[in-house]
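Subject: Structure handover

Hello,

Here is the structure for you to look over. My notes follow below it.

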Amino acid sequence: MAEVELPVGGKAALSHQGLQALIEALVARGYRVLGPTVRDRAIIYDEIATIDDLPAGWTDRQDAGTYRLERRADKALFGYAVGPQSWKRFLHPPVEQLWQARREGNGFAITGPEKIASKFAFLGVRACELHAIAIQDRVFTQGPYHDTSYQQRRQDNFIVAVNCGEAGGTCFCVSMNAGPKADTGFDLALTELLDGDRHSFLVEVGSVLGGEALAALPHRPATPDESAAADAVVAHTARRMGRQLDTNGIKELLQDNPDHARWDDVAARCLTCANCTMVCPTCFCTTVEDHTDLAGQTAERVRRWDSCFTLDFSYIHGGSVRKENRSRYRQWMTHKLASWIDQFGTSGCVGCGRCITWCPVGIDITVEAAAIRASARGSREAEHGGT
Amino acid sequence: MTPTVVADPFVPAPYRVAQVRRETRDVATLELCPTAGERPAFQPGQFNMLYAFGVGEVAISMSGDPARMGSYVHTVRNVGAVSGVIAALREGAILGLRGPFGTAWPSQTAEGCDVVIVAGGLGLAPLRPAIYHVLARRERYGRIVILYGTRSPADILYHREIERWRRRLDVDISVTVDHADPSWHGNVGVVTKLIARSGFDPNSTIAMICGPEVMMRFTAMALNEAGVSSDRVYLSMERNMKCAIGLCGHCQFGPSFICKDGPVMRYDRIAEILAVREI
Amino acid sequence: MEGLERIVLSHPFFAGLEAELGQLVSGCARNLRFDLGTYLFHEGDAANEFYLIRHGTVALEIMPPGQPAIVFATEREGNIVGTSWLVPPYRWRFDARAAELTRAIGIDARCLRDKCEADHHLGYEMMKRFLPVIVQRLDEARLQLLDVYGQHGT
């Protein structure tokens with residue numbers, strides 16, 4: 001058992017016991033440890049106390065509009081891709097009170113939101129999810145105004161990433177340069193190694209905090225073979241992506257084709273149910289609701305997740321700017337793959353495939369992008385004139 | 001544009017209604033004073049989020065003189081639940097205020113140029129601070145032309161102010177209405193009709209337009225036809241506003257956030273997108 | 001007549017008109033003055049003349065029954081009033097009232113129509129000038145129709 005701290009980039013081997021010890025150590029340090037677990041026939045993220053809570057021996061079969069859990073032949077703890085939830089439900093909660101107000105005399109007094117109690121440790125964060133968190137970091141903490149509660153949660157956030165051993169049926173992180181290898185943004189990164197009877201984890205240190213945590217766990221230095229095996233796992237996954245998306249010139253492609261016929265085509269299928277925005281790990285739109293009690297004495301402002309697919313989203317006096325399905329789908333997809341680049345310097349998509357899997361009618365963003373690319377005009381030309 | 005420092009951009013500060021003036025049957029102008037401390041400085045073109053206790057918030061542009069530090073002035077039209085409550089507030093009432101937010105009219109870029117200000121309907125309100133600003137530094141600008149179009153004579157905003165501006169010898173101001181009865185002795189017709197007879201040098205003009213989006217589009221085109229290039233024309237755009245600080249996604253207009261890339265936007269940067277239906 | 005010809009040719013509407021054609025047009029022209037409140041023409045009258053406004057303002061209006069007239073356009077110096085004379089049945093469809101003392105050149109419609117019929121070059125030069133005015137007024141009328149400043153104007 002080594003007591004010396006490994007530097008960033010250092011690799012060690014961890015057993016199941018080591019992983020269990022990690023969870024316990026994090027709990028002992030006051031973290032709420034969140035990780036994958038099976039519930040309601042899906043792998044979701046919730047509090048975990050032991051490694052028995054993890055989805056051992058489960059994998060997911062995903063395709064457009066389809067998600068099924070299946071038993072694996074082995075007992076891999078992380079042998080699935082991604083479920084319907086992403087880590088944004090903890091970092092950017094679906095409902096959050098912003099402040100409360102109380103009438104005082106002719107005016108009112110405002111009290112700020114309750115302080116955030118817990119700090120989060122995430123276990124099992126995929127490379128695409130690391131990128132998604134980084135993307136939301138840019139949105140919430142690198143603009144002219146910062147979301148201070150998000151900032152607080154991220155500051156105290158401990159992340160144990162997992163390199164994917166399985167490529168999901170709808171995954172295309174390779175196309176988006178967002179995986180499958182976790183390369184940055186984590187404290188520790190695990191790669192699960194299964195070889196016959198042997199079942200262990202290669203751990204890579206991603207930060208000083210990660211190195212400190214690892215030092216206190218039962219572990220040993222990784223062998224070159226283990227290191228190579230871990231690399232092979234990732235390489236294998238990279239070759240098995242379920243989807244691919246050509247990002248060459250995608251910004252201009254979408255921004256220059258707002259009147260492409262494909263938008264009408266997808267609009268005929270899209271239910272504007274907003275599932276895609278709920279499951280997407282980078283979608284960040286919210287709305288605020290102002291509530292008051294019956295006596296009109298106290299009020300509060302609550303922020304909740306919203307979706308550009310709702311009719312209300314673009315409402316200004318007189319009506320909604322985006323009335324048609326067509327305009328709303330176009331808004332979502334153009335924002336995700338094109339406008340996001342203008343706004344935040346990167347794509348908004350990490351290729352996790354959730355929007356494809358969880359769309360009830362199986363709309364596939366990679367198929368839509370390819371269809372537009374296949375028959376796009378070079379520039380927006382008027383088709384006919386008029387008076 | 002770096003934002004002005006705001007106490008806490010999420011939380012409204014209480015402001016007292018110091019004065020109310022009814023402009024027309026559904027429009028009121030409120031003068032708001034902070035209940036404590038100073039009001040933050042603002043630039044013409046910016047807006048505040050005004051909060052009616054328990055009801056909600058609405059984005060309203062400043063329409064007062066930026067040099068008068070004691071208060072904000074906001075002209076509000078009753079078009080919904082929140083604006084209806086705010087437009088009906090009496091003197092002494094308290095409302096919440098967050099701001100200032102957004103980009104400003106290009107008063108500095110316009111120095112040394114002719115200035116053409118075209119207001120449509122309530123669009124005169126967000127332009128009035130720019131007018132005050134420019135008139136207070138008259139010597140820095142060339143010809144100043146103000147064109148104001150509205151529905152009918154009964155809808156004319158800031159009557160006394162307009163008369164005062166008209167009495168100046170160094171400002172060219174014209175008012176037109178879409179229709180009138182014969183007791184109106186002024187112009188009748190769309191505001192763009194006034195452009196042809198306004199004297200300004202299109203090669204050295206900065207134009208600022210505010211009004212309903214349709215009016216801004218046809219005015220921008222008319223200015224182009226009069227020889228003003230699109231990079232010299234500025235519009236004040238409007239979209240659904242919730243957080244006003246670029247975090248909620250509602251105010252997106254193409255790739256721009258109206259709350260931080262706008263509301264004042266240069267026409268050449270948005271002309272193409274303005275023409276797209278339901279963008 | 002020479003003074004009138006000069007006035008006709010110097011009006012913005014006829015900018016660039018060849019001198020010969022200017023002579024032809026002036027042959028149909030007369031100098032007019034309308035005091036404040038007088039009508040240039042009424043709805044239903046024969047459209048016998050159209051007007052080049054030199055000074056002043058003309059209000060175009062329609063009179064609904066039982067209500068005050070609605071003014072839907074004002075035309076000032078440099079503009080023209082009257083296009084109904086171009087198209088059968090040559091009848092005015094609205095009223096035109098001098099909103100202030102107005103001086104105008106009146107051009108006899110039948111005289112000009114006959115001359116255009118005889119000289120198509122003159123006719124085409126007239127069309128080239130009238131059509132942009134009509135198109136512009138159509139655009140403006142459509143924009144007014146939108147009532148952009150109305151309660152739900154956007």
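What percentage of the 279 residues in chain B are buried? The share is 57%. Keep in mind that this is a predicted model.

Overall build of chain B

Chain B carries 15 strands and six helices. Along the principal axes, the C-alpha atoms of chain B fill a box of roughly 50 × 45 × 40 Å.

Contacts in chain B reach across the sequence. Take those between residues at least 6 apart in sequence: 70% of them join residues at least 24 apart.

Domains

Domain 1 covers 13–101. Domain 2 covers 114–236. Between the C-alpha centres of domain 1 of chain B and domain 2 of chain B there are 24 Å.

The two domains touch. Domain 1 of chain B puts 14 residues into the contact, and domain 2 of chain B puts in 13. Which strands supply at least two residues each to the domain 1 side? They are β1 (13–24) and β5 (72–77) of chain B. By residue type, the side of domain 1 of chain B that touches domain 2 of chain B holds five nonpolar, six polar and three charged residues.

Best wishes

Note on methods
Residues are numbered from 1 along each chain as its sequence is written. Chains are lettered from A and ligands numbered from 1 in the order in which they are written. This is a predicted model: local features need pLDDT of at least 70, side-chain atom pairs count only at pLDDT 80 or more; totals for chains, interfaces and linings use all residues. Helices (H or I, at least four residues) and strands (E, at least two) are DSSP runs, numbered from the N terminus. A residue is buried if 20 or more other C-beta atoms lie within 10 Å of its own, exposed if 12 or fewer, and partly exposed in between; C-beta atoms are placed from the backbone. Two residues are in contact if their C-beta atoms, placed from the backbone, lie within 7 Å. Domain bounds come from an automatic or database domain assignment. Ala, Val, Leu, Ile, Met, Phe, Trp, Tyr, Cys and Pro count as nonpolar, Asp, Glu, Lys and Arg as charged, and the others, Gly among them, as polar.
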